[in-house]
Amino acid sequence: MFLPAARREPVRRVPYDGTSTLGHLVESLGVPLPEAGPMTIGGEPVDAATRPADGDEVLVRSVPRPQPVPLESGQLAPRFLLDVHLGTLARRMRLLGLDTAYHNDMDDPALVVQANEERRVLLTQDRGLLRRRALWFGAYVRGPKPDGQLRDMLERFAPVLRPWTRCTACNGALVQVDKTEIERDLEAGTRRSYDVYGRCERCGQVYWRGAHGDHLEEIVREATRLVEDVRAGTGGGTGGTDRAGAAVLE
């Protein structure tokens, strides 16, 4: 999908200067390096720093799904950082309990700094951002709409989900709160209709099962099922190690 239409042959001959690394050649074709999966030359595994020889046939596979992410001790799921264009996706990921940072006013260098300092996977649809050498871990989000974007992210990482545990507004942790503690801040209709509430420890936002509850329940249900299927190997994702391209260097 990253190649121009005219370059989407199963095998493509690529001019080679004799000194460039394999990573440089892959990116020169339009594929951000974080989107290039395992590579082989003559059946032998190689990495992006390899300098191939004239005439080598290089097989470049797509990123495996689910894709492993290095986790710290005690960490159950990756932490994420989303760029300015993925606000709705960020809210849905928080709904699922994923630690998801998002800013609507942060430039590219600052995103890379935060992703690296906090060991967050940077999700973006900006190919240039993924080509920044300093970025420790990034991924391109496929799809123009939030439903498809969420599915793509879940298929790619199959993270452990903890729905209803994070504030969708600020990413803070949610705790159950007694109705008597917050009822003076509620509209009369809400007080009469609902008895179970949660509150964000960070920003104080109060949550209850409102008119959109069924829709949110469906998002959680579908996401949980999808992750279970991907982990069981039956996800039928949009990417995988069976998709590959080859380049002959000359």
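Predicted model: local features only at pLDDT ≥ 70, side-chain atom pairs only at ≥ 80, totals over all residues.
User: Leaving aside neighbours within four places in sequence, which residues is Gln67 in contact with?
Analyst: Residues are numbered from 1 along each chain as its sequence is written, and side-chain values use heavy atoms, with hydrogens and water left out. Gln67 sits in the loop between β4 (57-62) and β5 (79-82), with helices (H or I, at least four residues) and strands (E, at least two) taken as DSSP runs numbered from the N terminus. Counting heavy atoms within 4.5 Å as contact, its partners are Phe137, Arg156 and Phe157.

User: Is Gln67 buried or exposed?
Analyst: Buried means under 20% relative accessible area, exposed over 50%, and partly exposed in between (1.4 Å probe, protein chains only). Gln67 has a relative accessible area of 14%, so it's buried.

User: How are the rings of Phe137 and Phe157 arranged, stacked or tilted?
Analyst: Rings of Phe, Tyr and Trp (its six-membered ring) pair if their centres lie within 6.5 Å; planes under 30 degrees apart are stacked, over 60 edge-to-face, the rest tilted. Here the centres are 6.4 Å apart and the planes at 55 degrees, so the pair is tilted.

User: How many residues apart in sequence are the parts that this pair of Phe137 and Phe157 ties together?
Analyst: Phe137 lies in the loop between α4 (127-130) and β8 (138-140), while Phe157 belongs to helix α5 (residues 146-157). Both are buried. The pair therefore links parts whose separation in sequence is 20 residues.
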